[in-house]
Amino acid sequence: FKPGQRDLATEPSPQRAYRAACPNCGAAVEFRSAASASAVCSYCRSTLVREGEALRRIGESAELFDDHTPLQLGASGRYSGEAFTLIGRVQLAYAEGTWNEWHALFDNGRGGWLSEDNGAYVVGFDAPLADGPSAESLRAGSRCQVAGQAWDVAAVASCHVQAAEGELPAAPKLQGDFIVADLRNERGEVGTLEYRDPQRPAWSVGRSVRLAELTLRGLREVGGKTLTGRGFNCPNCGAAVEVKLAGTLSLTCGQCQAVIDVSQGPGADLAPALAHYAQTQGTEPLLALGRTGRLALDSAGSAEPLPWQVVGYLERCDVPAPGSEDEQTFWREYLLYNTTEGFAFLVDAEDGWSWVRPLTGAPVVQGTQARWAGDRYDQRWPGQPFYEALNTYVLGEFYWRVRRGERAQVTDYAGSGKASSKRLSRERTPAEVTWSGGQTLGAATVADAFNIPPAQRSALMRDAAPISSFVGSGGLGWKTVVIGLVLVFFLMLLLTRCGSDDCGEIQSAFGATSAEYQQCLRSRRSGSSWGSSGGSWGGYSSGGGGSHK
């Protein structure tokens, strides 16, 4: 086993082991599963295929990209009461990044897959498929029939095998690209069609699982999935930039706020050639990057509070349709990370706070209603099927590639009845459809979770009280009046627009959801009602990905 392994399982495998010499270097290659048809030599990285009692070399696997996964060969755990051991891995790459497929050998002889992508995990199993849809017929957002069941197509991507290690049930395709389609359904299942053979796609079905539920042993020591030594100079201003989070594909320079694409693995010699773009100054986050808060992000209310660290920050606005009299709405999203739970979003909108996390499945939509996990949700702004959301400013690190001016089609839903505090959001880009679900949060809950000092808590409140109410209470006095008058004067001087309004500078100074910015909008359009479409719940902006097999 590899150095750094801890608490390894010592129980002997009930499977009969098979060992042979690598035909390339002579090192011993062991097969723990009788069903494994291929392996990668751990010494020379030759990809080997079993032919009777001999091994045949069919090529050489590239080096694995160090994505600082906590998993490794030999790690063991339990799923649905059955013990398993990780005996192989395929690392796949596509335009938006990489993900891992771990081959799991169960003690009952069954083989399965543990898919890993940016802190999310899916356990799946291969299934027979007599006749699957063609890859050309699949589009993100469409529906299809596979194995007699209806599925929503979440993503379709062209990918290739980047590297492999250990034992695999079939020889990996080392050359060329192939299509992988990610499907979801209302039962919370993940289906994957893999078109290595375009005429006979491989089919697997799985479910999302929390890493803690697998009670894994033998994990790598990775220091909380943070990185060291991935530093380089900003290609825009030359300042030192450090990548801290595993799997980061985009990040912003702390000096000039340029957005840098690091999906190719930056180094000091590559930094000048890294794709990047400059962005105008946005608002300082109310929750500082790096800050950690304890939140229980579970709609059922059964989860214990966990530490969530702010690793990214987005400012977004909706884009009214041409000719529409609707006013723009603006909101903030904080990307949160937990070492065992993965990612979540904390949304700060004009009507309050909420959190959302990606859903494994796909809710059932009928007209303006959606159903998920036994709850009914009503579409917000039912007069339009979706609104367009635009990212206007970002800070921190992101596990997707942030692009200038990227838009998503968003549809928001609010729970009804006893589920009135629950939220659903559907985001669609040309490459992917993603559902996320969550719940509203009180501003005091957010402030307590992140230990915000009392003097700073008023900034988190969406409905700011007028100055007169503070003065009348005797809590702030004449200084507040003076500050208020200065702010009003400042508001009258600052005029420009995000997209097409006249208050862009005020948005930059005070924030898109601040009382100051909303006051500017109301003053500019006197007599018009504030808020009409978009952004109340935020959403999950992955730009691609998902757990595939």
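Predicted model: local features only at pLDDT ≥ 70, side-chain atom pairs only at ≥ 80, totals over all residues.
User: How many aromatic pairs does a search of the whole structure find?

Analyst: The search finds 15 aromatic pairs.

User: What kind of pair do the rings of Tyr 94 and Trp 99 form?

Analyst: In general, planes over 60 degrees apart count as edge-to-face. The planes of Tyr 94 and Trp 99 stand at 75 degrees, with ring centres 5.4 Å apart, so this pair is edge-to-face.

User: Are Tyr 94 and Trp 99 buried or exposed?

Analyst: The general idea is that a residue is buried if its relative accessible area is under 20%. Tyr 94 has 15% relative accessibility and therefore counts as buried. Trp 99 is buried as well, with a relative accessible area of 3%.

User: Which residues form an aromatic cluster?

Analyst: One such cluster is formed by Tyr 337, Phe 343, Phe 345, Phe 398, Tyr 399 and Trp 400.

User: In which strand is Val 364 found, and what does Val 364 touch?

Analyst: Val 364 belongs to strand S26, which covers residues 364-366. Leaving aside residues up to four places away in sequence, Val 364 touches Glu 186, Gln 369, Ala 370 and Arg 371. Val 364 and Arg 187 are 177 residues apart along the chain, and their C-alpha atoms are separated by 9.7 Å.

Terms used:
Residues numbered from 1 in each chain as written. Heavy atoms only, no water. Phe/Tyr/Trp six-rings, centres within 6.5 Å; stacked < 30°, edge-to-face > 60°. Buried < 20%, exposed > 50% of the residue type's maximum accessible area, 1.4 Å probe, protein only. Helix = DSSP H or I, 4+ residues; strand = E, 2+ residues; numbered from the N terminus. Contact = heavy atoms within 4.5 Å.
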